[in-house]
Amino acid sequence: MPAVNAWYRTFQFFFNLGARVLPWRKALPIKGAGAIKKIPGILAKDGVTRAMVVTDPGLMAAGIAPRILEVLQEQDMPYTLYSEVQPNPTTDMVNEIYDLYCSSGCNGFVAIGGGSSMDAAKGAAARVKRPRKTIQQFKGLFKVLGRIAPFVAVPTTAGTGSETTIAALITDSATHHKYSIMDLSLIPHYAILDPELTLGLPPHITSTTGMDALTHAVEAYLCWTYNTAESKRFALDATALIARNLELVYQDGGNVEARGEMLEAAYKAGFAFTRAGVGNIHAIAHTLGGLYNTPHGLANAVILPIVLEDYGTKVHGKLATLARVSGLADDTTPDEAAAKAFIWNIKYLNEHMQIPAGFDFIKDEDVEQMITWALKEANPLYPVPVIYNRERWRRVIEKIRV
Ligand SMILES: NC(=O)c1ccc[n+]([C@@H]2O[C@H](COP(=O)([O-])OP(=O)(O)OC[C@H]3O[C@@H](n4cnc5c(N)ncnc54)[C@H](O)[C@@H]3O)[C@@H](O)[C@H]2O)c1
Ligand SMILES: [Fe+2]
């Protein structure tokens, strides 16, 4: 093993020991159709007298955010609204939310949306906690520290799991570098898992966000260390739930039961990866989000089978287990065949859900920058099953390009 890889593994070994004594928690899940009605009561109980509601224009136009605003009004919970979040939220957006929060006297957050709205609100919550820091200064691990203002996450996609993760992904408005802020404080206090909010999610967002959740479960399960019995169980549960429900909700968005199970899958996959880490797939997906504004789930969906294939025999045992819980193989199927069936099924799902096999917009001149960012994001923190060097990254990126 090259010396640098040995150093990464040593780092991960000790990080794992340290992580085991950290005070991990989960966002308290409030589940079921109509769960949004409980939001004002939760806020009031936590002493919130004016909530900062963060959402995006699509959710306003679809009438989803307005439904929750109505609930707040009906139950006399004052709020200030920021509805300008865009996919791959930027440092500028976070600063706008922070300014509005301060100028209107808010003391808690309600983040309604996919990962973009939840992450933008988390970024603002970090700034509220440490007003002397710029949003760029939170990059990396454990820069927030301490309890943030009461934070209610209301996911409207079944994908990112941001409603229970330590992460917020923010793109620097100046450099286009998409970076993560990771801190236990950023785990929302409550996750409202109301399937009615996702019934109108268009098929292409349903599919790509669902593949994001699957990527979380897979990358968490494949990690070299960091996993606990609980994170492994959650990754397996999430994989099984997605295998059972993703095609169903893609074909029939109005299936409340399947939508509820997808929300549960995203939450469980979110917990799994926040504990066990993501990996090379996310590291490269983030570069596409920052450089080309590629939707995060779409980037993962395309990259997932390519990287799993590239990992080769190293991951066959674990992929075989994922195939078995997905109903794609049984105990008598040899690992290699089961692993291949799992990868084949991802390709089949992608094709069936009109997700392309590669991207044609990656520019030659960006490749070296992508590799630099991906290497830096993945190493030494992510306990990836196979450590990539520049050469191998170049080869894999060529396979992502069509
Ligand atoms: N914090 C984390 O742990 C974490 C994990 C994974 C990804 N992310 C980040 O989350 C972001 C992606 O989030 P996302 O995939 O959930 O998408 P998103 O939040 O960017 O939303 C995508 C689009 O879907 C629309 N939409 C959302 N819910 C809808 C609904 N119910 N009905 C109709 N339209 C709806 C939105 O209006 C938006 O236009 C990326 O920036 C990604 O990096 C964060
Ligand atoms: Fe993700």
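I looked up helix H5 (residues 91-103) and helix H6 (residues 115-129): their axes, lines fitted to C-alpha atoms over the stretch in contact, come within 8 Å and cross at roughly 55°. Helices here are DSSP runs (H or I, at least four residues) and strands likewise (E, at least two), numbered from the N terminus.

I noted that this is a predicted model, in which local features need pLDDT of at least 70, side-chain atom pairs count only at pLDDT 80 or more, and totals for chains, interfaces and linings use all residues. Residues are numbered from 1 along each chain as its sequence is written, while chains are lettered from A and ligands numbered from 1 in the order in which they are written.

I recorded H5 and H6 as oblique to each other; angles under 35 degrees count as roughly parallel, over 145 as roughly antiparallel, 65 to 115 as roughly perpendicular and the rest as oblique. For the contact (C-beta atoms, placed from the backbone, within 7 Å), H5 supplies Met93, Val94, Ile97, Tyr98 and Tyr101, and H6 supplies Ala120, Ala121, Gly123, Ala124, Arg127 and Val128.

I then turned to ligand 1. Of the 33 residues around ligand 1 (C-beta, placed from the backbone, within 6 Å of it), Gly58, Gly114, Gly115, Ser116 and Thr165 come nearest. Helix H3 (57-61), H6, strand E7 (167-171), helix H7 (203-222) and helix H11 (296-311) each supply at least two residues of this shell. H6 gives the most, with 4 residues.

Lastly, I located Glu398 in helix H15 (residues 390-400). Glu398 and Val85 are 313 residues apart in sequence and 32 Å apart in space, C-alpha to C-alpha.

Definitions and conventions: Axes are lines fitted to C-alpha atoms, for helices over the stretch in contact, and angles run from 0 to 180 degrees between N-to-C directions. Two residues are in contact if their C-beta atoms, placed from the backbone, lie within 7 Å.
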